[in-house]
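Thanks for coming. Please have the sequence and the model open while I talk.

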Amino acid sequence: MMASSYSAKDEDGHITVSGPGGGTLRNKKPENTAFKQQRLPAWQPILTAGTVLPAFFIIGLIFIPIGIGLYVTSNNIKEFEIDYTGDDTSSPCYNCAKNFSWNNTKSCTCTIPFQLDQPYESNVFMYYGLSNFYQNHRRYVKSRDDSQLNGNIDSLKVGASSPMASRKKKKPSKECEPYASIDNKPIAPCGAIANSMFNDTLKLFYNDPNGTSVPIPLTSTGIAWWTDKHVKFRNPVGTNSNLTAVFQGTVKPVNWHRPVYELDTDPENNGFINEDFIVWMRTAALPTFRKLYRIIQKKNNMAPTLPRGNYTLVVDYNYPVRSFEGRKRMILSTISWMGGKNPFLGIAYITVGSVCFFLGVVLLVIHHKYGNRNNSANISN
Amino acid sequence: DSGKEESTWRKWNCYEEDAGMAKAPPAARQRKKKPKENKTRTVHANILHDCAKGDENPNRHYANNKIKTTKYTVLSFLPKNLFEQFHRFANVYFVFIALLNFVPVVNAFQPELALAPVVFILSVTAIKDLWEDYRRHRSDKEINHMDCLVYSRAERRYVEKYWKEVRVGDFIRLRCNEILPADVLLLSSSDPDRLCHIETATLDGETNLKQRQVRKGKSAQTFDPLKYNSIIECEKPNNDLNRFRGYIIHRSGRRDALYKENLLLRGCTIRNTEEAVGIVIYAGHETKAMLNNNGPRYKRSKLERQMNVDVFWCVIILLVMCLFAAVGHGLWMFQYGDNRPVFDVLSPEGTNLSPIMSAIYLFLTMIIVFQVLIPISLFVSIEIVKICQVYFIHQDMDLYDEETDSHLQCRALNITEDLGQMQYIFSDKTGTLTENKMVFRRCTVAGVEYSHDANARRLAMYQEMDSEEEETSCPSTRPSAAPWWVLITALQSSSCILYPNKPPSVLQEKDITPDPKLLDKVNDCSSQMDFMRFHSQPMSQLPSDLSDIIDFFIALTICNTVVVSSPNQPRHKVTLTCSGQKHQFGQTSGCSSLLSSPSAESTLTKLHEEQPSGGLEQAFSPIPPSYDGKTSWNLDEGELRYEAESPDEAALVYAARAYKCSLVGRLPDQVIVELPHLGKLSFELLHTLGFDSTRKRMSVVVRHPLTDQITVYTKGADSVIMDLIKPPDTGRKTLKKIVCRTQHYLNLYAADGLRTLCIAKKILSKEEYACWLQRHLAAETAIQGREELLFESALQLETNLHLLGATGIEDRLQDGVPETIASLRKAGLQIWVLTGDKQETAVNIAYACKLLDPEEELLTLNADSQEACALLLEESLHYIQAKFLCSPSGPTTKSFNTNFSPFDIYSSSSPSSQSTPFLVHRLGLVIDGRTLAYALDKSLEDKFLAVARSCRSVLCCRSTPLQKSMVVKLVRNKLKVMTLAIGDGANDVSMIQVADVGVGISGQEGMQAVMASDFALPRFRYLQKLLLVHGHWCYSRLANMILYFFYKNAMFVALIFWYQFYCGFSGSAMIDQWYLIFFNLMFSAFPQLITGTLDKDVSAETLQQLPQLYVNGQNSEEYKPYMFWMNMIDAFYQSLVCFFIPYFAYADSDVDLFTWGTPITTLALFTILLHLGTETKTWVRNLIINIALFFTVALCYNASCPACYSPSNPYWTMQRLLQEPLFYLLCFITPIAALLPRYTVFSLWMSENTSLFFKYL
């Protein structure tokens, strides 16, 4: 574009008004500026063996300690995992898993005993994990209506009541199709994600050595992102504050057993702002994933949150996964500053650091040899 | 003539009636009607038809003079622009993909969003077009509103009108220095000889004045528009500047033919003529100037051709990836059988798709998702970068020539990078290597050589002076060198602009120190003639050698087309009235002072009063410049300036003037020459047979005023003239001797590198002349085949000539030519010189400019026949093989290896095509035009090439323009190399057009070469910086940029591809669709543009000091086919790292899709930018700026709306990520791990390369 100032004449073939003789008056000499003469100051690192080689060593020296640190941190995290899918005949949930489908309305309960070898000191996070569940499928990911979840009352109504109203967007987004409405009644919450919400109930009991089974208190709030709970997800605000009334005229998703306004008894954790629901709505990135289910708060400083011993997991088995060879797990884990247990990053740092260091050595040797040869060549010339 | 009176009367009546209708016709004119399908155009004077209704004006069908070069109007802009943009295949592709998004089953992105990049690209281009169009509009407006004088019948005088109001058939009055608004047929001129001078610099760049004349047939003394009633019939508008045919049909029915000499073209400037009146023939877009306006040239560069191959590969990769994903999806679906999992959502209609159908749909979806792989912004980016590059080349101070105030012009905007890949340079000699400023050096008259030693000494002195001046390089303060009148005219030029002065060239051409011997002889001879004339003795009694001398100078003076102008009063031609009519000669004894009897024909037209005192300037101008009186007194004839079409003509005229034999005036039918003792003589000019490249000579036929004989003076190339000399056996014995001696001296001149010309004459008897004249006139008036007939007629005349002498003219080498050639050669460029000059001259110039080395052997190929040529080529091939190939340890080769390592490097490191067995030897090849013709034959061209390519330098002499282009074409096509042709004259045009890059030298020989070229340089030596620095930069920048674009897109797309393995090949993307779509446009495009424009891998100084670095571009080392694949592999590796490190780091965690995708995007961006960092040799801060930009955009975007941007809905994602240590840890390790291999290879290369680099130093 800049070029056109001078190409103008050539392009257009116009006659310059000043005439050719004008050259004596007009000076076409380019300006002597750093920009136009391409002499802009620029940092040009002189890449020689002298500057390239140390970079390898420095990276190596930084990465290896970081990696060791990360590895140790990850190893200190305690994690316990139990698979309760029940496709194994020996599994306590085998009976529940067998022949279970979405159509079952009566839930099946199974109890799984397990043992913790180590005490869990700090807050323990309880996850449910699913495998082979493609929450990241393209059509699945799209199948939601954020506006509806944000409390937009219009997304909960059925359009076409009046021509004026139908012009506005007054029903669940078409992205929710085919889970948008049933019999012309909107589904709340609409879409395939909501429809397939995880609905197993997990309970933990500590089997006291004296034989009694003590239920472990599970906190069901604080498991979703703060911004999700308070900004993104909102219950529709109708004329009255009763959720049942607000969701009047909507139907529950096909696979749900209860309508959305009966998810919890706590009004702060009910409807769209139910945290289990919010957590589920954050579609997982990979087909094997876990989602935070409950938090086991540390009660006092003296006793560990979960002491060593025997526990029982009681599952209300509602969620069928066998049809797609999925697996269900329950995970108990403590957490560090860098998240859950994952030794990978530490190993990665150590590996990259070592490779760098090794390459540095190799290059140094090569350079040393080559440099010598080069010097001798110079002398001979 | 009663009819005329009547019509006048009628017109006036009309005027009375229609006074109020004056404004009607323009409106009517606008009406578009189909012009009559005639082969000719008939122009009536508007004056007759003003009164008629607009519809009846016979000129109404012709275009008016309003020009509109804009492409669009306000309304048509959008549709038309879009239509044009969709002609580009890439745009159609992107629109197709965007539209595919609107198909519900397929859609991958939000359809509206998917349109965004296409709309962006289209609108950027549209805005660019709009802006250019607006600029055109403004300049159109400016031009349309220029003033000119148009005759208005209403006011009975010339009134000022805008150019756009001029229409065909209008009478226009033109004053000195005005620009012509349209193509005008000259009807009257204030010039007594009814001439009008125009300067055509804006059309062809030639600054010499050209004469145009009023049609001879019409003899009205004062032109009165009201009385004009002829009709003009002429050709339809066409773009041939040198052709115009037509008739004036007078009332009486008489037809007068019109030629191009009668037409003034739009855009030219009236010079030296006080006033001219004409009728508009072609207006506006139908003018020849506008029809010739072709706009910029578009070529496709080598790099782009390479790139397109790789774009094609990208398409293949894209399809393979899509196919893979589609098959994968089909299988994934298939494994679930009829049992649909809960996450496999039904289509919106609730139907269940079969695996095969969904695979097919997925294929389309994947094309959309992976569309980034075909670099959408690459085409736009390349264009922008090239424009910036052109801008910087244009701004380079080193390519600016102060003397001519001109700088490099890039006429082709899109082949800048080709400059960095040249392998062969084909250069013209004259005007390219040399200055084309001709200086008369020596001459031979009648077999006697006059060496002009003093002249040579003085020239040498000038040369020194010049070089000193160049060191100080301050030409504006050159008072000592510039003649005083130059300064004066420069001062005066503020009011009335003159044609550009060329002080240095004028100095060189006109200051000739005569050879004393010859000067004596001239004086002697002319005094004798004077005496004889006084005593009425026949001139034939003069001794033949003396008469030869005087004839020699007369020939030099008149046998040309030089126009005389007076420097102190340059606006007006010297109008000389001296016209020594032959019949008056006897009575008016001595024409010593100004002869005041003008030719009978033009007496009456001369309005001026003659000045008996012998002043040359006529008080003709009604606006006498104030300085006129002061300066004209101290002028003698010596201060006349000569405007010549070719510089050697002027040099000869100046030379003759040094011998007091000066040309003082030239009129269409006579030439006035002032001779010592004889005074001013007027030669009646009967015919001028112009120069053409086939005849290689020109002739004038004059009636000699002293002898009253019809004399033919011929001047031409020695090779042709020598063949036309009358066979010596019929003449005297001495004649044979003279011819022999002259030939001898000619050879000597050529050996000195001088341009030689032979001068000959022929005296025609009255009968001979009459006989020839008859045929010639027939030829002249012939309508068909006129040119051929004239050519034959000229051939008939130019026979049996009498040799007068020969001249040697020096053409100085341009500054810095040897150095430039040396360094271009070091850069591995093969330089061939193709010249029309004779062999000896060419060889000498070649030695002078170090093209040939005295130490190297010269192979000279001169053959008379095809067989001889074949034999010669065969022999030379054997010779070369015997000498150089079979004895690799021979002494020659050894010395070559040690002393000329650059060539060694070049030849060994150029694997380009089959050139491996052909090493470049220390050999020079000289071939002449005739042999070249044989060698270019199909059967011999391979052998010729084999010989030529093994020689270090090739020199083709005596080659015609066609041969030049054939040589270029041959080398280009057969050797598959990049060729550059450089030249300055019209004879180089074909060669310039054939070559990959054509360079024109905007020098002395007009602008034809420049018009045809891609780049125009003021001087040859600028080629060095243009190629070695700018060429290298442009090439390396663009090559790197293109590779980087491929890499970047492949890397980004591959991330999504890997993800398909984890999302059931469902076409899902973890990268937010906004990032995905705008990634190319925003985050990664800008730094690339900046480095593409400003990156410098090596500094300009180093590039010039080490021309060897140019080899890099010649061998396309920055962009080789394998590099594309290397980059692709690297891209895939890097994307694997960028994908799997986050994958494992977040494996089996509660991360959600886009919280996981955002770090991947970030990492990919980091990696891509760091990659650019290693590629970029000069780090500009833009990388950091870009990362900042990304985070700013991401943070704003993620905070903007909690419920929008479905499906990613990225509210607060980035903010949350920034709180996590894991994110930073990933950012730290991933780019390093990704770039590790590249960096390792790079540092290995570095340690090797630096040592190579130092070896050169």
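I will go through a strand and its partners, then some backbone angles, then a helix.

First, the conventions. This is a predicted model, in which local features need pLDDT of at least 70 and side-chain atom pairs count only at pLDDT 80 or more, while totals for chains, interfaces and linings use all residues. Residues are numbered from 1 along each chain as its sequence is written, chains are lettered from A and ligands numbered from 1 in the order in which they are written, and side-chain values use heavy atoms, with hydrogens and water left out.

Helices (H or I, at least four residues) and strands (E, at least two) are DSSP runs, numbered from the N terminus. Buried means under 20% relative accessible area, exposed over 50%, and partly exposed in between, with a 1.4 Å probe and protein chains only.

Start with strand S9 of chain A, residues 309-317. S9(A) is mostly covered, with 8 of its 9 residues buried. Which strands pair with S9(A)? Two strands count as paired if DSSP finds at least two bridges between them. Strand S2 of chain A, residues 108-116, runs antiparallel to S9(A) over 9 bridges; there, Ile112(A) sits opposite Leu313(A). Strand S6 of chain A, residues 201-207, is also antiparallel to S9(A), through 7 bridges, and Asn207(A) has Asn310(A) as its bridge partner.

Now the backbone. Most residues other than glycine have a negative phi, and most peptide bonds are trans. Where are the cis bonds that I want to show? One runs from Glu177(A) to Pro178(A), with omega near 0°, and Pro178(A) lies in the loop between helix H6 (163-167) and strand S4 (181-182) of chain A. Another runs from Ala188(A) to Pro189(A), with omega near -10°; Pro189(A) is in the loop between strand S5 (185-186) and helix H7 (192-195) of chain A.

Asp183(A), in the loop between S4 and S5 of chain A, has a positive phi, near 50°. Asp183(A) is exposed, at 71% relative accessible area. In chain B, Arg958(B) also has phi near 50°. Arg958(B) is in the loop between strand S32 (951-956) and helix H31 (961-975), and is partly exposed at 22%.

Last, helix H41 of chain B, residues 1182-1200. H41(B) has 19 residues and spans 26 Å from first C-alpha to last, close to the expected 27 Å; the expected span is 1.5 Å times one less than the number of residues. Which residues of H41(B) are buried? Among them are Asn1186(B), Phe1190(B), Ala1194(B) and Asn1198(B). An α-helix has 3.6 residues a turn, so residues three or four places apart point the same way.
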